[in-house]
Amino acid sequence: MSLFTSRRRRALALVSVLSTALVAAALAGAATFRGSAAPNPPIAKLIAQSKRESGLIVYGNAPSANFKVVTDAFKKKYPWINVTSYDLDNNVIFSKYASEAAQGSRTADLLVSSAPNLWVYARRQGYLQDFTPGGLEHFPLFVKQYKGVYVLTPDPAIIVYNRRLLGSKVPTRLDTMARDSATYDKLTGYTVDNLFGYTALWGYVQKKGWSSLQRVGTSRLRATNCVAQQLQLLAQGAAKAAYLTSPTARFTIESNPQYKELLAWTYMRDATSLVPRGIGVTKKGASPATAKLFLNYVYSTQGQQIMCEAGFTAFRLKFKPAKGCKNTLAEVYAKVGKKNVIFVPFSQKFVNDQPAFKRRWHGIFG
């Protein structure tokens, strides 16, 4: 063996080890946040600055009803702050901000999105401030994805079902539904062309492969672009269960009398994807101090309680929610088992996999 070949092999081995370590760090759910970052200004200073700013503008993809619970609680704490929140498609969130920022127009102070691929792009474009909210040491390591880009909520992809149609049967596994075509003859879920859908499906396939999805096939699935359509299909009896759907459905079911009578939800126990809904303070927003106050709020114990009540997933470590709320990451681990949960990181691999993944999904479902 030549000296060059030997050195080259050692170099490749080192790259492999480092790559493995980086992936493990990105996926680690139990570790807590560490590392240096831009200092968090004192709350008193942010409050004083926010009083001279022009409210808070948010471009996001969180359902309006759920997010309003959070912004209303934030305004109650800081009554001089008016919040304007837009529920937008993931692509529009970033393109709208980019266009307005380039023109010098009033634009978003915060971006909120559950599209890992677009956060990779936003990072490259330098859309976000390098700001670190307080309290992140009380969260899993994955709370920070990039400088200035954080996970607002790790949303578990869940099952929603029509309990009147299914009677005593409670679907808890996609593989069971896939095998039982007599009971689960009509299903719904996200199309792969929806970014939440792609993220949830991608995570599931990393754990369980394609076999259950192939078994479901095109004849049983009515794919949709949003959870609202899935809930309508379930309430109308056009579907019996929805798989890998958004946990924001929990709040919708609880607050809608018709849905509450007909529908119920459960965690997916064969494999649960955690779909990260990211958040960051923009560089070109007019109210940076107000945006930073909001981040400090949602990562506080008080903010985590509100996130839980709004149907998002509270994930502060050792957090014990009040009022019987169970929308927490600890509850996901308890119900599903940590080994069956996969957090989908904001990674280049996720981006690179998308074209082939979509082709395979459409090859099954049309």
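Colleague: Let's start with K169: what's its relative accessible area, and how does that class it?

Modeller: K169 comes out at 38%, so it counts as partly exposed. Bear in mind that this is a predicted model.

Colleague: Which residue does K169 form a salt bridge with?

Modeller: That's D180, and the closest N and O atoms are 3.4 Å apart. K169 sits in the loop between helix 6 and helix 7, while D180 is in the loop between helix 7 and strand 7, so the pair ties together parts that are eleven residues apart in sequence.

Colleague: How many salt bridges does the structure hold?

Modeller: The structure holds 13. One of them is between the side chains of E261 and R164, at 3.0 Å, N to O.

Colleague: What about D109, which side chain does it meet in a salt bridge?

Modeller: R106, again at 3.0 Å from N to O. D109 has 0% relative accessibility, so it counts as buried. R106 is partly exposed, because its relative accessible area is 31%.

Colleague: OK, switching to strands. Why would you call strand 11 largely enclosed?

Modeller: Because ten of its ten residues are buried, strand 11 is largely enclosed by the rest of the structure. T272, L274, P276, G278 and G280 point one way, S273, V275, R277, I279 and V281 point the other way, and all of them are buried.

Colleague: Which strands does it pair with, then? Start with strand 3 and the sense of that pairing.

Modeller: Strand 3 pairs with strand 11 in the antiparallel sense, over four bridges. In that pairing, L110 has V281 as its bridge partner. Strand 5 is antiparallel to strand 11 as well, with six bridges between them. There, G278 of strand 11 is opposite V151.

Colleague: And strand 12, parallel or antiparallel to strand 11?

Modeller: Parallel, over three bridges. For a landmark, look at I342 in strand 12, which has S273 opposite.

Colleague: Next topic, helix 3. What span does it reach, and what would you expect at 1.5 Å a residue?

Modeller: Helix 3 runs over residues 64-77, which makes 14 residues. From first C-alpha to last it reaches 20 Å, close to the 20 Å expected.

Colleague: Which of its residues are buried?

Modeller: N66, F67, V70, T71, A73 and F74 are buried in helix 3. They cover an arc of only 155° around the axis, which puts them on the same side of helix 3.

Colleague: Why does that kind of spacing work?

Modeller: An α-helix has 3.6 residues a turn, so residues three or four places apart point the same way.

Colleague: And what covers the buried residues of helix 3?

Modeller: The cover includes strand 1, strand 2 and strand 5, along with helix 11, helix 13 and helix 14.

Colleague: Where does Y78 sit, and is it buried or exposed?

Modeller: Y78 is in the loop between helix 3 and strand 2. Its relative accessible area is 7%, so it is buried.

Colleague: What does Y78 touch?

Modeller: Leaving out residues up to four places away in sequence, Y78 touches I43, I47 and L293. Y78 is also 9.6 Å from K51, C-alpha to C-alpha, with the two 27 residues apart in sequence.

Colleague: Last thing, cysteines. How many disulfides does the count come to?

Modeller: One. It joins C308 to C325, with 2.0 Å from S to S. The pair links distant parts of the chain, 17 residues apart: C308 is in helix 14 and C325 is in the loop between helix 14 and helix 15.

Colleague: Left-handed or right-handed?

Modeller: Left-handed, because the torsion about the S-S bond of C308 and C325 is about -110°.

Colleague: And how accessible are C308 and C325?

Modeller: C308 is buried at 0% relative accessible area. C325 has 14% relative accessibility, so it counts as buried. As for C226, 28% relative accessibility makes it partly exposed.

Technical notes:
Residues are numbered from 1 along each chain as its sequence is written. This is a predicted model: local features need pLDDT of at least 70, side-chain atom pairs count only at pLDDT 80 or more; totals for chains, interfaces and linings use all residues. Side-chain values use heavy atoms; hydrogens and water are left out. Buried means under 20% relative accessible area, exposed over 50%, partly exposed in between (1.4 Å probe, protein chains only). Helices (H or I, at least four residues) and strands (E, at least two) are DSSP runs, numbered from the N terminus. Two strands pair if DSSP finds at least two bridges between them. A salt bridge is a side-chain nitrogen of Lys or Arg within 4 Å of a carboxyl oxygen of Asp or Glu. The expected span of a helix is 1.5 Å times one less than its number of residues. The arc is that of the directions from the helix axis to the C-beta atoms. Contact means heavy atoms within 4.5 Å. A disulfide is a pair of cysteine sulfur atoms within 2.5 Å.
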